[in-house]
4 protein chains.
Amino acid sequence: MEKQTNRSPGRPPHYKDKQPTDELILFNASQLFLENSYQDVSMDDVAKACNVTKASVYYYYKTKSELYTETMIRLMYRIQNMTLQLLNEDKPFRTRLLNVAEAYLKVSVDLDTERFIHNAKNMLSKEQLTAIQKAEEAMYTSMEEFFQEATDQGIISPINPAFAVHGYISLLNTGNYKNADKQTIFSSPQEAAKQIVDFFWKGLTKDIQDPQN
Amino acid sequence: MEKQTNRSPGRPPHYKDKQPTDELILFNASQLFLENSYQDVSMDDVAKACNVTKASVYYYYKTKSELYTETMIRLMYRIQNMTLQLLNEDKPFRTRLLNVAEAYLKVSVDLDTERFIHNAKNMLSKEQLTAIQKAEEAMYTSMEEFFQEATDQGIISPINPAFAVHGYISLLNTGNYKNADKQTIFSSPQEAAKQIVDFFWKGLTKDIQDPQN
Amino acid sequence: MEKQTNRSPGRPPHYKDKQPTDELILFNASQLFLENSYQDVSMDDVAKACNVTKASVYYYYKTKSELYTETMIRLMYRIQNMTLQLLNEDKPFRTRLLNVAEAYLKVSVDLDTERFIHNAKNMLSKEQLTAIQKAEEAMYTSMEEFFQEATDQGIISPINPAFAVHGYISLLNTGNYKNADKQTIFSSPQEAAKQIVDFFWKGLTKDIQDPQN
Amino acid sequence: MEKQTNRSPGRPPHYKDKQPTDELILFNASQLFLENSYQDVSMDDVAKACNVTKASVYYYYKTKSELYTETMIRLMYRIQNMTLQLLNEDKPFRTRLLNVAEAYLKVSVDLDTERFIHNAKNMLSKEQLTAIQKAEEAMYTSMEEFFQEATDQGIISPINPAFAVHGYISLLNTGNYKNADKQTIFSSPQEAAKQIVDFFWKGLTKDIQDPQN
DNA sequence: TATGAATGAGGGTTCATTCAT
DNA sequence: TATGAATGAACCCTCATTCAT
């Protein structure tokens, strides 16, 4: 992967994958923080993953907690974007929920945003903590309107939209559970998504006569 | 946070009613580990919380990870016992679920067992990790039979019992969510319990004609 | 091994191997200190080897350095006794040297008294250090007279007796050398003893016409 | 022994003639390990001797045992070089042996390589132990050929060269012996060298008619 | 005589962070 | 922009030693 041969002369094209260093760092930090706790990831780990030195990481991010904060906010936005995109499609609400569920479960990392916050809370400044929480909140809030809309349209029963969203996400996390033998509850992410949304939908619609759903 | 520990070495005089030190340590460690991540709690913190020296903690627990393991296993058992006790009462299933929910939410600490495991996984030996996971699993499994029973009695629709339990618990955790302004979704633990079980119950019984519920 | 059956009535015979605890400790400490450095042997190690508690060890020996000192002095005496006994036999001097060499090499632990001292010197009080050194010195000195006697009898050339003894012992230690592959210089302790004494004897007698040796 | 180390962090200004830090550490560690046992030298001691912080020592040497290993290997090489240089001079073999002896004894620290190994053996990894032993072995082996050569030339009697070398070195160590009153066997290093080589030579040549030696 | 429980001091190691270049 | 070299603070853990029983 290191040697490119047969390069034609002239200015090399601008390689898309040659990310600016700060993005590179953010990307690798993401990976690491997703899989390990705040404390388990050292700045050296990040640097090594990026093939740069620790000092370089510090050149772009003043402190570890700042790097973490940025990483987390980005993560929240990414989840939010991915989710909103699917929720904005022109399909029945239930189908859209299923699509989100599948996307969410196929990532296969635990997107437990609460854990990300709880983990690091002692190391973050008040501002940093708040910044992450706001991003998380925005993510949740942005999803609420879809439930509100569905309620308004009589598709689902009236429900506290915040609860709907949080309940939805937390139910999704059961799809990632692994027991001591690394076995999951469901046979596949798709199956998990299906069953979870099935169940969730029942809760949403129990009091509704829904001949079409 | 600096406690003066000018006790001289050697066996302390025996006070009748004093809690045995190992239990004292376990108790305080519990508190600390519940509120902070594995890495954020130092053995010194534990020692100080107990008013003993670090060396004393090590007298009873060979390593930090061993202390953590014991703490977690105990925690799982406590949750399990509390839950089973409530689930074994002679009341309608739904009422029992509500009681568990209320008990669970009144503790007000996040009993997110997955987090406890994920957090420390890099610091635990394979055996320790498994031991904790087994305890967690036992906790979940012991609850499954109640859902099975309810299904058999036609009280709830057929459902994967493992999913039922995990979904139940994860829904409960939404009751502890606090946003950046420290506001919860529900106005009180009781209200949270009520709403959550309400919703959960709908999911369980959507396909049932239940004139009495 | 714990249950003795069929014991005949009456006072049990005084088991020879039921050593008084202090001797038991000394014995086990000996073993440990012979094979490991002062620092590598903890008081707990000693206690465990004796099947008693650390506190019991302290009951008999005020400090670790005191235990070490006693152990070392005993060791020096044991070597001295063993050696003197063999040197006092009614055999040709060279034979007696050979016997000592064989005895010495068959123990197979490195009896490097200098190492024992050097190792622990920072942990011993001046008195303790001196005590051990005196015992070592006595051991060496007691052997010197035999070389003196041999010189007087014209069996060996005149030689500084202290040098003779130290040279003898240090040559013996080459018999215990093991390289990285755990191979020794000689094929067996006996062979080692033979070769070493052979060589040593040449040095002692080069200037002597010795028809009989 | 408390040195004020109020240097601020970060890269220090570059002084031209300054010894590189890693060499500085190795040098000081050498001194310390030569005079004290592995366990008696703490990483802090090394750091203080170098006027740097412990963390700096760890910047260059990952563990204490690694530092020790490097130190020892270097030491073996230094001894080997010094020795080989003297043994390669164009002088009678006996003279060369004498020169080595004098050099060896003038250092006045006990170059007891076996002790260095025995001392630390419990703290070293298998690889580290072997590495040191290999260096020691190389040192010994490199000297053997000189004895072989002398044998081939009929200057000394046939002898196991490994034994010759080890015997030679171990005899030299008697020159460093100090009794409880810090008295040596010989009046000076030169005298020691002379007497020891004298004796050693007799052993080597007993069976040789050597009118010129 | 023997022990369980406790301490204090220190040692090895890691890590976020800094600064001259 | 990027880095090599350094620090200070903390952390886990061990161990000789002590004392009430």
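A polar contact is a pair of N or O atoms within 3.5 Å; within protein, one atom must be able to donate a hydrogen and the other to accept it, and residues adjacent in sequence count only if both atoms are side-chain atoms. The model is predicted, so local features need pLDDT of at least 70 and side-chain atom pairs count only at pLDDT 80 or more, while totals for chains, interfaces and linings use all residues. Residues are numbered from 1 along each chain as its sequence is written, chains are lettered from A and ligands numbered from 1 in the order written, and side-chain values use heavy atoms, without hydrogens and water.

**View 1. Polar contacts and a salt bridge between chains D and C.** Between chain D and chain C there are 17 residue pairs in polar contact, both residues at pLDDT 80 or more. The count of salt bridges (a side-chain nitrogen of Lys or Arg within 4 Å of a carboxyl oxygen of Asp or Glu) is two. K134(C) and D181(D) are joined by a salt bridge, 3.8 Å from N to O.

**View 2. The side of chain D that touches chain C.** Contact (heavy atoms within 4.5 Å) involves 48 residues from chain D and 48 residues from chain C. The two chains bury about 4100 Å² between them, 55% of it on carbon and sulfur atoms; buried area is the accessible area (1.4 Å probe) that two parts lose on being put together, summed over both. F163(D), F199(D) and K206(D) supply 18% of the area that chain D buries against chain C, more than any other three residues.

**View 3. The interface of chains A and B.** Here 48 residues of chain A are in contact with 48 residues of chain B. In chain A, F163(A), F199(A) and K206(A) lose the most area to chain B, together 18% of what that side buries. The rule finds two salt bridges across this interface. In the one between K134(A) and D181(B), the closest N and O atoms are 3.7 Å apart.

**View 4. Y168(A) in the largest nonpolar core.** A nonpolar core is a set of buried Ala, Val, Leu, Ile, Met, Phe, Trp, Tyr and Cys residues joined through side-chain atoms within 4.5 Å, where buried means under 20% relative accessible area (1.4 Å probe, protein chains only). The largest has 128 residues, and Y168(A) and Y168(B) have the most contacts inside it. Leaving out residues up to four places away in sequence, Y168(A) touches L97(A), V100(A), A101(A), M143(A), F147(A), F163(A), V197(A) and F200(A).

Notes: Buried < 20%, exposed > 50% of the residue type's maximum accessible area, 1.4 Å probe, protein only.
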